[in-house]
Amino acid sequence: MKQFTLLAAVLCILGAQAAPDRTPRIINGHTAPHQPYNAYVLYLNAQNAGFFGGGSIISDRHVLTAAQNIVGFVRWDIGFGTNVFVHLNMLTSTVATAHPQYAAATRLNDIGIITLPASLVFTSTVSPIALPALNAQPANQHPFENEQGAIVGFGFVNAASTGRSDFLMRSFQRVTSNVRCQQFFQITLPQHFCAEDAVEISNVCNGDLGAGFVTDVRGRPTVTGVASLISQSCGNTSPSGYTRVEFYRQWIQSVTQV
């Protein structure tokens, strides 16, 4: 998670993790309180190379994330249970399902599910986030334009970063118009939406993709987006793009039975 000045390029990490970032502060931003649904996702290919992103616990066996964190990879190390990186509980999975129509070039259908090898025990520090209703009307299209949502992650925090934050960071963003979103990304509607923080200029960055965009739906915190698209510089004043979870609700149920 980063702010205004940000590293311009996505870095590739060989092996398990990058060296710790010792400046876990977002410019004009916030260290996040613990979010029980949040998951850190380290994804690796057959050569043990990969990177890291985010995800959302949606059941005792399933983590919702982006398809880009799944396609081409064979192992996923999932961290959960705290907002302090070194205290994360870890599970390793070798089973994940990307949406079958995922298109890497445009990030269309950028959504996927990681299946955990054992059931999580839900406590005050580990619990699932709600999903949009299965019977939601197409006209609903949560989240709505100008609705505020929160997104958390252990991603890059400043232009000097070469790895994840030591602490979970949080950004509050508002959903932009579709017209503004299409000025920055080649998106398909209504499968995508964009959101931005025009006040503190907080934004998601490398290491945050796959994290959940959470809004209130009838008073219940609900994951309505999955971080999918960032500008090259991750910051400035451009919005970030999200996969709209509601559009894929039936597919999620077919994979998870949730």
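Strands, like helices, are DSSP runs numbered from the N terminus, with at least two residues (E) for a strand and at least four (H or I) for a helix. Two strands are taken to pair if DSSP finds at least two bridges between them. The structure is a predicted model, in which local features need pLDDT of at least 70 and side-chain atom pairs count only at pLDDT 80 or more, while totals for chains, interfaces and linings use all residues. Residues are numbered from 1 along each chain as its sequence is written, and side-chain values use heavy atoms, with hydrogens and water left out.

The chain contains 17 strands and 2 helices. Of its 258 residues, 57% are buried, where buried means under 20% relative accessible area, exposed over 50% and partly exposed in between (1.4 Å probe, protein chains only). Among contacts (heavy atoms within 4.5 Å) with a separation of 6 or more, 72% are between residues 24 or more positions apart. The accessible surface of the chain is about 10700 Å², and carbon and sulfur atoms contribute 54% of this area. Accessible areas were computed by the Shrake-Rupley method with a 1.4 Å probe; for residues, only the protein chains shown count as cover.

Strand 6 (residues 62-65) is paired with strand 5 and with strand 10. Strand 5 (residues 49-59) runs antiparallel to strand 6 and is joined to it by 3 bridges. The two form a hairpin with 2 residues between them, and S59 has H62 as its bridge partner. Strand 10 (residues 112-115) is also antiparallel to strand 6, with 4 bridges; here L64 stands opposite I113.

In a regular strand, side chains alternate between the two faces of the sheet. In strand 6, H62 and L64 lie on one side and V63 and T65 on the other, and all are buried, so that both faces are covered.
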